[in-house]
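Open your viewer and get ready to select residues by number.

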Amino acid sequence: MLKKSWLILLLGIIFISWNAYAQHDNLHRRSSVYEAPKDPLVIQKLDKWQDLKFGMIIHWGVYAVPGMIESWALCSEDWINRDSTITYNDFKKWYWGLADEFNPVNFDPDQWADAADAAGMKYLVFTTKHHDGFNMFDTQQTDYKITAGPFKNHPKSNVAKYVFEAFRKKDFMIGAYFSKPDWHSQYYWWSKYATADRNNNYDIRKNPWRWNKYKEFTYSQIGELMHDYGDIDILWLDGGWVRPLETVNEEVLSWGARIPEWSQDIDMPKIAKMAREAQPGILMVDRTVHGPYENYQTPEQSVPAEQLDVPWESCMTLGHSWGYHPRQNYKSVNKVVHTLVEVVAKGGSLLLGVGPKPDGTLPDEDVKRLKGIGDWLEVNGEAIYDTRTVNYYKENNIYFTQDKKGKTFAILLVEENMEIPNTVSWSTQQSVKGKSVRLLDGNKKLEVNKGGGEIVVTIPEKIRKEIKQKEAIVFAFENE
Ligand code: GLC
């Protein structure tokens, strides 16, 4: 008898604690995915940003000189390809030495802004500092910067300042990319120890002074960017492994990098408070650290399988690498347009990456391709900018979007070297009011037939021949 009641009691305790645990876990999971901002100015800016859809991310630093991978070769992780005829230590010396060669005498941020504008882009993210720690702005915290090398006497040597100015003139929203890790800083990679991987290379628990110095250094650098470089809309923080230990999740583990036992916490609440005092409403993009400082999410080199119901942006390269590469393997205009359409129909924005040359100009091939994308947007931008998602957003190779007044767009992706078909059809799950739709290219009214649960649009041959932008064609209509 006694035994039985003990058992019941025990089971009861297990049940209650399991329940409490499950609820806690639930709450935890929900808030760890996305935390909507509460500050009205942030909400407003986020909403504005979500209308833009298409931006440019520029990776530019000393790695442009040899045209190699940005920063990463400095890091001794075994996925990184490095010239095996040179020792790691010699390689590092050589890499640090690139700062003395980087002299982009033809630096012309207006050329970059013109190219982005011609592409139909609306916002910018520029690398003020990548993981290698080389500063593309005139920081007072270190001499490892563009304003201390051979470029120092150039009138635009404070590169980030002039890049921001050039894009601001074109009404772009301005984003500062900033790497939380800094492999040049003695407070991050202390030369007392080897630099085995991307993480800081000393035990923070045993060297709290050093890590505090790193926090101060980071805070001061971001402070400079927030106070001395005009209006900034986005603080895009890369290097997601620099984060409080308790925020390490499955996603972080999946990167396959070593997770140190200590916390690389740089005090984001303090940084965000300062940033928002200096730049009211600024969007904080503490990449992959889901929570209050990740105002939008940033899948990389990929598009989510389905729509996401949180604000997001895919960052993706126009070529194969983020920075300049002399033999860049480019994506076609067709491919980029298709990606942009897919991203927008799924509720995101596309941040397309380019890398200027060591002389300071954008490669001609980039400029040409960007113009090709812009030509498509010039005709079809109505279906992209200022739109929001629809629930039924995809059918075969057709994506659907909607503007804020409720006008719906059907965007047919046309593969390279394919003819535009004489009829295009989709199911009545995306209904059409009336007997016609409007083809954006050439602003033509096209007849619609309905029947058998299908909408069938006919494109007469004459009109087909007149279509200029063949990457994707757009039909506008109202729902029934
Ligand atoms: C990846 C790369 C990094 C690059 C970033 C841009 O994290 O490792 O070098 O700056 O993507 O999104």
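Start at the ligand and select E300: a polar side-chain atom of E300 lies 3.0 Å from an oxygen atom of the ligand, which makes a polar contact (a pair of N or O atoms within 3.5 Å; within protein, one must be able to donate a hydrogen and the other to accept it, and residues adjacent in sequence count only if both atoms are side-chain atoms). The protein covers 89% of the 310 Å² of accessible area that the ligand has on its own; such areas come from the Shrake-Rupley method with a 1.4 Å probe, and for residues only the protein chains shown count as cover.

Before moving on, note that this is a predicted model, where local features need pLDDT of at least 70 and side-chain atom pairs count only at pLDDT 80 or more, while totals for chains, interfaces and linings use all residues. Residues are numbered from 1 along each chain as its sequence is written, and side-chain values use heavy atoms, leaving out hydrogens and water.

**Still at the ligand**

Now select H59, which has a polar side-chain atom 2.6 Å from an oxygen atom of the ligand. For R287, an N or O atom of the side chain is 3.2 Å from a ligand oxygen. The residues around the ligand also include W72, Y177 and W322; each has a heavy atom within 4 Å of it.

**On to a strand**

Select residues 408–413, strand β10, where 6 of 6 residues are buried. Buried means under 20% relative accessible area, exposed over 50%, and partly exposed in between (1.4 Å probe, protein chains only). Strands (E, at least two residues) and helices (H or I, at least four) are DSSP runs, numbered from the N terminus.

In a regular strand the side chains alternate between the two faces of the sheet. Which residues of β10 are on each side? T408, A410 and L412 are on one, and F409, I411 and L413 on the other.

Q402 stands opposite T408. In the turn of this hairpin, G406 has a positive phi of about 100°.

**Last stop: a loop**

Select K53, between α2 and β1. K53 has a positive phi of about 70° although it is not a glycine. Is K53 buried or exposed? Its relative accessibility is 4%, so K53 counts as buried.

Key. Pairing = 2+ DSSP bridges.
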